[in-house]
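The following exercises concern a single protein chain.

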Amino acid sequence: VQLQASGGGSVQAGGSLRLSCAASTNVLYFNIAAWYRQAPGKERELVATINGRGATAYADFVKGRFTISRDASKNTVFLQMRSLNPDDTAVYYCNARQVFDEYWGQGTQVTVSS
């Protein structure tokens, strides 16, 4: 399985971006699909998850601002990000897990300027 993340870029504080994670298989096959991020000098952290039933969960620092979703017809998982602030600056990675396997995308840079 391959994951291809895209959609990153540079925005000003308060702006929005939508990240996409295109999978080489049906995203409904994933037990969990997730977005992580890693800022310079910091550990990688979990941002949001969506499970096989479509239930979502979010880190406290993005609740109410970010939305994870999936489109099975496009084999894609999305992360809609709103009200971005400089603390959201990081490389964002998509992740997917099946019963015995875990997959990572290559990362996409998000930079938020004040």
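**Exercise 1.** In which loop does asparagine 75 lie?

*Solution.* The model is predicted: local features need pLDDT of at least 70, side-chain atom pairs count only at pLDDT 80 or more, and totals for chains, interfaces and linings use all residues. Residues are numbered from 1 along each chain as its sequence is written, and side-chain values use heavy atoms, with hydrogens and water left out. Strands are DSSP runs of E with at least two residues, helices are runs of H or I with at least four, and both are numbered from the N terminus. On this basis, asparagine 75 belongs to the loop between β7 and β8. Its phi is positive, about 50°, although the residue is not a glycine. Its relative accessible area is 23%, so asparagine 75 is partly exposed; buried means under 20%, exposed over 50%, and partly exposed in between (1.4 Å probe, protein chains only).

**Exercise 2.** Determine the secondary-structure content and the overall dimensions of the chain.

*Solution.* Begin with the elements: the chain has zero helices and 11 strands. Next, consider the extent of the C-alpha trace, which spans about 40 × 25 × 25 Å along its principal axes. Then compare the radius of gyration with the globule rule, 2.2 Å times the number of residues to the power 0.38, taken over C-alpha atoms. For 114 residues a compact globule would have a value near 13 Å, and the chain agrees because its own value is 13 Å. Finally, 41% of the 114 residues count as buried.

**Exercise 3.** Which residues have the most contacts inside the largest nonpolar core?

*Solution.* A nonpolar core is a set of buried Ala, Val, Leu, Ile, Met, Phe, Trp, Tyr and Cys residues joined through side-chain atoms within 4.5 Å. The largest such core has 30 residues, and Trp35, Leu79, Met81 and Tyr92 have the most contacts inside it. Among the elements that give two or more residues to this core are β4 (32-38), β8 (76-81) and β9 (90-97). Now examine leucine 79, taking contact to mean heavy atoms within 4.5 Å. Beyond residues up to four places away in sequence, leucine 79 touches partners including Trp35, Val47, Phe66, Ile68 and Tyr92. As a general point, nonpolar side chains tend to be buried together in soluble globular proteins.

**Exercise 4.** Is aspartate 88 buried or exposed?

*Solution.* First locate the residue: aspartate 88 is in the loop between β8 and β9. With a relative accessible area of 1%, aspartate 88 is therefore buried. Its contacts, not counting residues up to four places away in sequence, are Arg37, Arg65, Phe66, Ser83, Val110 and Val112. Serine 83 has a positive phi of about 50° although it is not a glycine, and its relative accessible area of 45% makes it partly exposed.
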